[in-house]
Amino acid sequence: MRVFKLGRCFLLTISLVLLLLPISAFAKDTYEYHYNELNRLDRITKNNKPFFYFNYDANGQLTRKVSVMSMVSAGGDHTIGIKTDGTIWGWGGNTYGQLGNGLNKSSQLPIQTSTLADIESIIAGYQYTVAINRKGELWSWGNNTYGQLGDGTTTKRLEPVQISILTGIKSVAAGKNHVVALKSDGTLWAWGRNQNGQLGDGTTTDRISPVQINGITGVVSIAAGESHTVALKNDGTVWTWGYNGYSQLGEGKARSIPAQVNGITGVVSVAAGANHTVTLKKDGTVWAWGNNYQGQLGNGTQTRSAIPVQANGLGEVTTIVAGGDHTVALKNNGTVWAWGTNYWGQLGDGTRTDHSSPAQVKGLDEVESLVSGTSHIAVIKKDGTLWTWGSNSSGQLGNDEYKGNSTTPILVY
C-alpha cells in the first residue's frame, strides 16, 4: 500500500474507505489509496486496477465518487456492463427491454438498469441480455420470441427473470436468438432458436427451456453466431454445429450435433461472427473460416473458406472477438486491430472502407479488454476508461446521440 502524508481530509478519507470496502474484502484483495498533490484522495485501485475515482470542487469538497466499468458486453443495438461497485449500467436499444430497467425506452446515455446483486458476468445478445451471479445462477431479460430467455415462455421480459432450471453456470455465449451455457461440471446446455440445429441437441426444434448437448466433453470455451455454435475443448480442438451455408462450421454440411473442425489444433480461444468463425492459437496467430464477402477472415481476400486460413501479418494476439461481418483482435502491446466490413465505421480507422487484412484502430492503446456487438465495439483501457465506436443507430455508443456513427473511438467514461 502506498503511504502519503495525510492532510485535513484524513477523516473524510477513512470514512469513504470504510463505506466502500467491506471488511471481508481485505482478506482477498489488495487495495491502494492514491492521493493528489493536495493530499486529497484521488483514486482507489483494487489489485492494481482502477476501482474508484474522486472529484472535488474548488473548495476541496467531495462532489462525487466515480466507479469504473469492470466489464462490458455489446449486443445487436445495446451495450451493458458491470461497474466496480457491482451496479449494472446499460445504454442503447431497449425496444424489447434488453436494458433490464423495466421500461422499453432506449437510452443514448449510460443508465443504471437492473438491481440484481452479486453479478459476476453479463452477456449481451442480439436484443436480450443474460447475466451470471457469483453462485452460478442465471438471469435473463429482453426479447424472447424464440425462447432465448430460457424461462419456459416466449414472453419478452423488461426485467430480469431467473432460469431456475440451471445452476453452476461457468460461462454463457449469446447468439442472435439462441444461448449456450457451460456448467462447472463440463456439460453444455442450450435454448432458443434452433431452425438450423444450432442448439446441438440433434433436432431443429426451438427450445424455450434449456436442453443438454450430448456427444461432447472437455469443453472450456464457447461462442455463438447468428445460427451456429462453436466450442473449444481442453485439447485445443474446435467443434461446431448449426447452419453451414457459408462454411462457418468448416468442411461438410450443416449439422445438429457437435463435430470437430478439421485442420486446426492448438487453439486457446474461439469467437463467432454472424456467419464466420475465428480462433486464436497458442502461438498468438489468428485463424478463421466461413463467410468472407467483406474480408472478415483477414487473409487479404473476399473468398469464403471451409478450411482455416490465417489472418495476414498478425501475431502476439491475446484476445479475439467477432461482430456481424467483422473481426477484432487485441495484441499484447495494448493495440487493437480490426478487419471486415466497415459500413458503420466499426473498424475504427477513421474511414468506412472495408479491409480484408487487419488494420490498426486509430488513437487507441493501453487496451485491457474488448467486446464486439453486431456493428459496434467497446473496449476498457488499463486506466479504467471505456471507449466505443461504430454504429450508433440506437445510442449504443453511449455518447448522448441517437445518430452520428463514429469511425474512431470515443470516450464514454
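A residue is called buried here when its relative accessible area is under 20%.

Let's start with confidence. The protein chain has a mean pLDDT of 91, and 92% of its residues reach 70 or more. Residues 1–27 are the stretch to treat with care: pLDDT stays under 50 there, although the model has 35 contacts beyond four places in sequence for these residues. Where pLDDT is low, the predicted coordinates should not be read in detail.

T240 sits in strand β19. Its side chain reaches the backbone oxygen of L249 at 2.8 Å. Setting aside neighbours within four places in sequence, T240 is in contact with a list of residues that includes T229, V230, Q248, L249, R255 and I257.

The loop between β19 (238–242) and β20 (255–260) holds S247, and N244 is found in that loop too. Is N244 buried or exposed? N244 counts as buried, because its relative accessibility is 10%. A polar atom of the N244 side chain lies 3.1 Å from the backbone nitrogen of Q248. Beyond residues up to four places away in sequence, N244 touches L249, G250, G252, K253 and A254.

**Two residues with positive phi**

S247 has a phi near 65 degrees, a positive value in a residue other than glycine. E366 also shows a positive phi, near 55 degrees, and is likewise a residue other than glycine. E366 belongs to the loop between β28 (355–360) and β29 (367–372). How do their surroundings read in terms of accessibility? S247 is buried, with a relative accessible area of 12%, while E366 is partly exposed at 40%.

**A buried leucine in another loop**

L297 lies in the loop between β23 (286–290) and β24 (305–310). With a relative accessible area of 0%, L297 is buried. Which residues does L297 contact, leaving aside its neighbours within four places in sequence? They are H276, A288, W289, G290, N291, N292, T303, S305, V309, A311 and W339. L297 and V219 are 78 residues apart in sequence, and their C-alpha atoms are 24 Å apart in space.

| Residue | Relative accessible area | Class |
|---|---|---|
| N244 | 10% | buried |
| S247 | 12% | buried |
| L297 | 0% | buried |
| E366 | 40% | partly exposed |

**A four-stranded sheet**

Finally, have a look at the open sheet formed by four strands in the order β13-β14-β15-β16, with antiparallel pairing. Its edge strands are β13 (169–174) and β16 (207–213), each of which pairs on one side only. From one strand to the next, the twist averages 20 degrees. Strand β15 (residues 188–192) runs antiparallel to β16, and four bridges join the two. What is the bridge partner of L188 in β16? The partner is I213.

Technical notes
Residues are numbered from 1 along each chain as its sequence is written. This is a predicted model: local features need pLDDT of at least 70, side-chain atom pairs count only at pLDDT 80 or more; totals for chains, interfaces and linings use all residues. Side-chain values use heavy atoms; hydrogens and water are left out. pLDDT is the predictor's confidence in each residue, from 0 to 100. Contact means heavy atoms within 4.5 Å. Buried means under 20% relative accessible area, exposed over 50%, partly exposed in between (1.4 Å probe, protein chains only). Two strands pair if DSSP finds at least two bridges between them. Axes are lines fitted to C-alpha atoms, for helices over the stretch in contact, and angles run from 0 to 180 degrees between N-to-C directions. A polar contact is a pair of N or O atoms within 3.5 Å; within protein, one must be able to donate a hydrogen and the other to accept it, and residues adjacent in sequence count only if both atoms are side-chain atoms.
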